[in-house]
Amino acid sequence: MSLFRAARWLPGGHLQTLFSPLLRRPPQLRRNRLRMTLSDGDYLDLDWYSASAQPAPIALLLHGLTGSSASLYILGQQRALAALGWHSVAVNWRGCSGEPNHSARAYHSGASDDLAEVLAHVKQLHPEQPLVAVGYSLGGNVLLKYLGEQGDSAAVDAAVAVSVPFRLDQCADRLQVGFSRVYQSRFMRDMLAYVSNKKRLFQHQGLDAEYARLDALGSLAGMDSFWDFDGRITAPLHGFASAEDYYRRCSSRFFLSSIRVPTLIIQAQNDPFVYPHSLPESSELSDSTEFELHPHGGHVGFVEGPPWRPRYYLERRIPQWLSAQLRPMPSSGR
């Protein structure tokens, strides 16, 4: 396991979780946005970044719930990968790039079909370059689900998943406990705004069929938990029978044993989104998976170093590990 020493001035999972989104100065990157059309006619915006035009490995980065390619952990990782000479592409899930997407369908923790389309698209553009993927939180769950579904056919050479909500039902429960309710409140506000904005746009643009699909979901009032939102919005909108059905079919813990590509999972025991009992046992992991569990780090935090010069372990560890997976193995001479 790579050495991570959590910053002592950020004790506990909450401070580790909140420091970067609240106090970190955003890395400034000049990226190239390309819009990709999906098979159902909707779109995803992909933000590419590279330090050079030379052929190099490509890393696909997947943000978490209510995040985007502008999330600081995405920007920081793109900068770190560029320091290696790698290319990276930050995916904005449906409706997360600053404008509503074109269909009633949204993104969710099981949207591995969208991920498969993005990987195929990037592979078609750059068929000779190694391709890896890194997912954070919801993005990590989608990535692990995809890897388990695809097995040996997965379109990546290696993958990393960070702060994964392995059991969506249990994480929905965890976010109703103690200070974690503050995160739940923020998520609910953003997710309800996401749906409301789409309804207004569809009505304004005369997209009657898509508006009708959202309007049929009923009032958005009175939702204050993930169980409410996923039962009344996510499940009916995406073909699940209920919140329980959605959680059961999309929780990545149930797909881990089928992963066949080299995969690193980085998790903290004090993650305020994830119960310790939600973490997989070693017997549930495939032989190709490394599970790196740290006592501290919070949720997509992993801040180290002094307060006057904080550092971000994920931006050190992930490029290091991915580089090792793509490095040619030394040939055994006679």
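The protein exposes about 15000 Å², and carbon and sulfur atoms supply 51% of that; the areas are Shrake-Rupley values with a 1.4 Å probe, and for residues only the protein chains shown count as cover. This is a predicted model, where local features need pLDDT of at least 70 and side-chain atom pairs count only at pLDDT 80 or more, while totals for chains, interfaces and linings use all residues. Residues are numbered from 1 along each chain as its sequence is written, and side-chain values use heavy atoms, leaving out hydrogens and water.

Overall shape, then. The C-alpha trace spans about 70 × 45 × 40 Å along its principal axes.

The protein has ten helices and ten strands, that is, DSSP runs numbered from the N terminus, H or I of at least four residues for helices and E of at least two for strands. Among contacts with a separation of 6 or more, 76% join residues 24 or more positions apart, a contact being heavy atoms within 4.5 Å.

Now the interior. Of the 334 residues, 57% are buried, meaning under 20% relative accessible area, with exposed over 50% and partly exposed in between (1.4 Å probe, protein chains only). The largest nonpolar core has 67 residues; such a core is a set of buried Ala, Val, Leu, Ile, Met, Phe, Trp, Tyr and Cys residues joined through side-chain atoms within 4.5 Å. Helix α6 (residues 180-205) gives the largest share of this core, eight residues. A second, separate core has 23 residues, including Leu61, Trp86, Ala158 and Tyr313.

Which residues have the most contacts inside the largest core? They are Leu60, Trp93, Leu115, Leu144 and Leu147. Leaving aside residues up to four places away in sequence, Leu60 touches, among others, Val89, Val91, Leu115 and Val132.

Last, the backbone. Most residues other than glycine have a negative phi. Ser137, not a glycine, has a positive phi of about 55 degrees. Ser137 sits in the loop between β5 (131-136) and α4 (138-150), and counts as buried because its relative accessibility is 12%. Val300 also has a positive phi, near 50 degrees. Val300 is in the loop between β8 (289-294) and β9 (303-304), and at 11% relative accessibility Val300 counts as buried.
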